[in-house]
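Good morning, everyone, and thank you for making time for this short talk. Please take a look at the picture first, and then I will walk you through a few parts of it.

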Amino acid sequence: MTAEDEAKQLDSVTDRVQEHETLDSSKAKTAMAALTSGTKIGEDHKKLAKIKISKEDVLVIVDELEVTEDIAARALREVMFEGIEDGKTPLGEAMRRLLVA
């Protein structure tokens, strides 16, 4: 492989990383905005804590997606808090949310 080919390959790799970093900065800005409005987050946390979830659903998510029980429970509570479309289950929606995230 020539030096020119290596340089092109290196450029293609760094271009992809730069695009990924741009995406992460937008997520960071969103997270920072959420942190600055701390009162709303505290209220939402209290509402989420009151929602009852199935221990079996938590264990299914933990086993299938290999996440912690806290993450699984949080995803289930968020889905139930936001509401579920007809024909969908809290377990399915929580798993879908965790897979996409």
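Let me begin with a term: a polar contact is a pair of N or O atoms within 3.5 Å, where within protein one must be able to donate a hydrogen and the other to accept it, and where residues adjacent in sequence count only if both atoms are side-chain atoms. What you see is a predicted model, in which local features need pLDDT of at least 70 and side-chain atom pairs count only at pLDDT 80 or more, while totals for chains, interfaces and linings use all residues. Residues are numbered from 1 along each chain as its sequence is written, and side-chain values use heavy atoms, with hydrogens and water left out.

With that in place, the side chain of Glu93 makes a polar contact with the side chain of Arg96, at 2.3 Å. Glu93 is placed in helix H5, where helices are DSSP runs (H or I, at least four residues) numbered from the N terminus. Leaving aside residues up to four places away in sequence, Glu93 touches Val79, Ile84 and Lys88, and contact here means heavy atoms within 4.5 Å.

Which residues of H5 are buried? They are Leu91, Glu93, Ala94 and Met95, with buried meaning under 20% relative accessible area, exposed over 50%, and partly exposed in between (1.4 Å probe, protein chains only). What covers these buried residues includes H3 and H4.

Now to the largest nonpolar core, which has 11 residues, among them Val58, Leu76, Leu91 and Met95; such a core is a set of buried Ala, Val, Leu, Ile, Met, Phe, Trp, Tyr and Cys residues joined through side-chain atoms within 4.5 Å. Helices H3 (55–65), H4 (69–82) and H5 (90–100) each supply at least two residues of this core, and the largest share, five residues, comes from H4. In soluble globular proteins, nonpolar side chains tend to be buried together. Met95 also touches Val60, Ile61, Glu64 and Leu65, again not counting residues up to four places away in sequence.

Finally, let us turn to the loop between H3 and H4, where Glu66 lies. Glu66 has a positive phi of about 55° although it is not a glycine, and Glu66 is exposed, with a relative accessible area of 72%. For background, most residues other than glycine have a negative phi.
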